[in-house]
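Subject: The structure I promised you

Hi,

My notes on it follow below.

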Amino acid sequence: MELIEKYFGDTLSPLQRERFARLYGLYAEWNARINVVSRKDFDSLYLKHVLHSLAIACVCRFADGARVCDVGTGGGFPAVPLAILFPAAHFTAVDSIGKKITVVRAIASELGLGNLEAVNGRAETFPGPYDYVVSRAVTELATLTGWMWDKIAPGLAGTLPDGMLVLKGGDLTEELAAAGRRYELFDISEFFEEPFFETKQVVYLPR
């Protein structure tokens, strides 16, 4: 939680602070039953999952009413941290694995996140439209754009034009070329100083 305070403390309401603080206990309880966060990484939940998710917020602030789809949300990342940070935006967290969506629904309910809907299914089968698509290392960018590009409504529902914001790591040269879209790369190490983020990026593809 100290990491969230370090980078976002000045902007958090008491309710947001409380919700972020509760994440560790809630995920610990659920992870004991359904493994949605790697157990070897669990002590780094705030670094590797919560703060990593919030890197998207350093690139784009979602406006009130923005419609955001998290493709392959897993245990709720990046959707849950972003839904806490942007309570007036609406998030649809999609995953094809039902037990993971069970966890996301339960955590959203426990936290009172009325702006987060967790859906079991394949994101490409949902009609949209969305203003933004977010994702964390779920699949290649070419595949993700193939699934979701036509579901993004052109416009401006945040501080960047509508599009995709994808958390990635490592050398993306070939993957970006294969995607065949305009893009902009944001080094997460520009926002957060922890060594974990040295090779991590947010890829932004404007619609």
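This is a predicted model: local features need pLDDT of at least 70, side-chain atom pairs count only at pLDDT 80 or more; totals for chains, interfaces and linings use all residues.

The bond from F77 to P78 is cis, with omega near 15°. You'll find P78 in the loop between β1 (67-71) and α4 (79-85). Leaving out residues up to four places away in sequence, P78 touches S53, I56, D70, V134, S135, R136 and L167. Take V134 from that list: P78 and V134 are 56 residues apart in sequence, yet their C-alpha atoms are 7.5 Å apart in space.

There is also a cis bond between G128 and P129, with omega at about -5°. P129 sits in the loop between β3 (116-120) and β4 (132-136). D131 is in that loop between β3 and β4 as well. How does D131 count, as buried or exposed? It counts as buried, because its relative accessibility is 7%. Setting aside neighbours within four places in sequence, D131 is in contact with G65, A66, R67, I152, A153, A157, D162 and G163.

Now the overall picture. The chain has seven helices and seven strands. Going along the sequence, they come in the order α-α-α-β-α-β-α-β-β-α-β-α-β-β. The C-alpha trace spans about 40 × 35 × 35 Å along its principal axes. Does that go with a compact or an extended chain? For 207 residues, a compact globule would have a radius of gyration near 17 Å, and the chain has 16 Å, so the two agree.

A few totals to go with that. Buried residues make up 54% of the 207 residues. Among contacts with a separation of 6 or more, 70% are between residues 24 or more positions apart. The accessible surface comes to about 9,000 Å², and carbon and sulfur atoms account for 49% of it. As for charges, there are 21 positive and 26 negative ones, and their mean positions are 6 Å apart.

On to the inside. Which residues touch the most other members of the largest nonpolar core? They are Y27 and F62, in a core of 61 residues. Helix α3 (residues 45-59) gives the largest share of this core, with ten residues. A second, separate core has 19 residues, including V71, Y130, L141 and V166.

Not counting residues up to four places away in sequence, Y27 touches V36, V37, F42, L45, G75, G76, F77, V80, V103 and I107. F77 in that list is the residue whose peptide bond to P78 is cis.

L141, from the second core, is in helix α6 (residues 141-148). L141 is buried, because its relative accessible area is 0%. Beyond four places in sequence, its contacts are V166, K168, E175, L176, A179, V203 and L205. For a sense of distance, L141 and R22 are 119 residues apart in sequence and 33 Å apart in space, C-alpha to C-alpha.

Finally, two residues with some surface showing. G170 is in the loop between β5 (163-169) and α7. G170 counts as partly exposed, because its relative accessible area is 38%. Leaving aside residues up to four places away, G170 touches T199 and Q201.

T173 lies in helix α7 (residues 173-179). Is T173 buried or exposed? T173 counts as exposed, because its relative accessibility is 54%, and the cut-off for exposed is over 50%. T173 and L116 are 57 residues apart in sequence and 33 Å apart in space, again C-alpha to C-alpha.

That's everything from me. Have a look and write back whenever you like.

Best wishes

Technical notes
Residues are numbered from 1 along each chain as its sequence is written. Side-chain values use heavy atoms; hydrogens and water are left out. Helices (H or I, at least four residues) and strands (E, at least two) are DSSP runs, numbered from the N terminus. The radius of gyration is taken over C-alpha atoms; the globule rule is 2.2 Å times the number of residues to the power 0.38. Buried means under 20% relative accessible area, exposed over 50%, partly exposed in between (1.4 Å probe, protein chains only). Contact means heavy atoms within 4.5 Å. Accessible areas come from the Shrake-Rupley method with a 1.4 Å probe; for residues, only the protein chains shown count as cover. Lys and Arg count as positive and Asp and Glu as negative; His and the chain ends are not counted. The place of a charge is taken as NZ of Lys, CZ of Arg, CG of Asp or CD of Glu. A nonpolar core is a set of buried Ala, Val, Leu, Ile, Met, Phe, Trp, Tyr and Cys residues joined through side-chain atoms within 4.5 Å.
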